[in-house]
Structure formats: C-alpha cells, structure tokens
Amino acid sequence: STFGSEFVAMKQCCEYLRGLRYKLRMMGIPINGPAYIFGDNQSVLANTTNPGSQLKKKSNAICYHFVREGVARKEWITTYIKSEHNVADLLTKPLPSGEKRFYFVRMILT
C-alpha cells in the first residue's frame with residue numbers, strides 16, 4: 001500500500017537523519033533544534049503525531065514507533081508540503097508542462 005511504503009521511506013529518512021546529526025556532533029558541529037521532514041501524504045504525517053494510532057501490519061508499526069519516537073524526542077518535526085512545491089517529486093514523477101515545469105526548474109537553478 002502507499003501508506004506502508006511512505007512510512008518505510010520516512011523511517012529510512014529518519015535513520016539517515018539521526019546518523020547525520022550524530023556524525024556532525026562528533027565533528028564538533030553543534031546541532032540546535034529539530035530537523036524538519038516534509039511529506040505530502042497527510043495520513044502518514046497525521047500518524048506520526050498521533051500517539052494513539054492502531055496499525056495492523058508489524059512492519060508499519062515498527063516504522064511508526066521509530067518515527068514517532070524521534071518526534072517525541074524533538075529530533076525531527078514532520079510537516080506537510082503541497083505536491084506542487086515538493087521538489088522530491090521531480091525524482092519520482094514525470095516533469096509536468098507549463099507553469100509547474102517553469103516553477104520546478106526555477107527552484108532547482110536558484
């Protein structure tokens with residue numbers, strides 16, 4: 001399902017982020033405040049902030065608890081971004097034509 005795959009992707013992002021923050025601290029670079037994780041799947045984002053979520057699949061539950069733990073510890077904050085502003089969509093969807101294409105190209109070049 002899309003929900004499950006998005007949650008697994010968010011868990012992988014959080015694992016990478018936790019490792020990166022650790023490496024930066026080991027190099028003496030201070031890390032102040034949480035990191036922001038942007039997503040366009042509102043059901044996944046709602047489940048990361050809702051401590052009472054009931055998930056049926058074990059793999060989704062493991063991902064949920066990992067991401068939720070980081071949110072509770074204020075390591076990262078998950079927040080919504082509209083699909084038309086999500087630059088990561090360039091890597092997963094065909095490039096649109098017209099105004100949206102111009103907007104994406106301008107975001108990349110500036």
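In the predicted model, α1 (2-26), β1 (35-39) and α2 (42-49) each contribute at least two residues to the lining of the largest pocket. The volume of this pocket is about 380 Å³. Its lining comprises 18 residues, of which Glu 6, Ala 9, Phe 38, Gly 39 and Asp 40 are the closest to the pocket centre. Sorted by class, the lining consists of 11 nonpolar, 4 polar and 3 charged residues.

Two of the elements that supply the lining, α1 and α2, also pack against each other. Two packed helices are described by the angle between their axes and the distance between the axes. For α1 and α2, the axes come within 9 Å and cross at roughly 55°. The arrangement of α1 relative to α2 is therefore oblique, and the crossing is right-handed. On the α1 side, the contact is made by Phe 3, Glu 6, Phe 7 and Met 10, which meet Ser 43, Val 44, Leu 45, Asn 47 and Thr 48 of α2. By class, 5 nonpolar, 3 polar and 1 charged residues form this contact.

With regard to the overall architecture, the chain contains 4 helices and 2 strands. Read from the N terminus, the order of these elements is α-β-α-α-β-α. The C-alpha trace of the chain extends about 40 × 40 × 20 Å along its principal axes.

How values were computed. Residues are numbered from 1 along each chain as its sequence is written. This is a predicted model: local features need pLDDT of at least 70, side-chain atom pairs count only at pLDDT 80 or more; totals for chains, interfaces and linings use all residues. Side-chain values use heavy atoms; hydrogens and water are left out. On a 1 Å grid over the protein atoms alone, a cavity is a set of points where a 1.4 Å probe fits but cannot get out, and a pocket is an open set with protein on both sides within 12 Å along at least five of seven lines; lining residues have an atom within 4 Å of a point. Grid points are joined across faces, edges and corners, and a volume is the space filled by probe spheres set on the points. Ala, Val, Leu, Ile, Met, Phe, Trp, Tyr, Cys and Pro count as nonpolar, Asp, Glu, Lys and Arg as charged, and the others, Gly among them, as polar. Axes are lines fitted to C-alpha atoms, for helices over the stretch in contact, and angles run from 0 to 180 degrees between N-to-C directions. Angles under 35 degrees count as roughly parallel, over 145 as roughly antiparallel, 65 to 115 as roughly perpendicular and the rest as oblique. A crossing is left-handed if the near helix is turned anticlockwise from the far one by less than a right angle, and right-handed if clockwise. Contact means heavy atoms within 4.5 Å.
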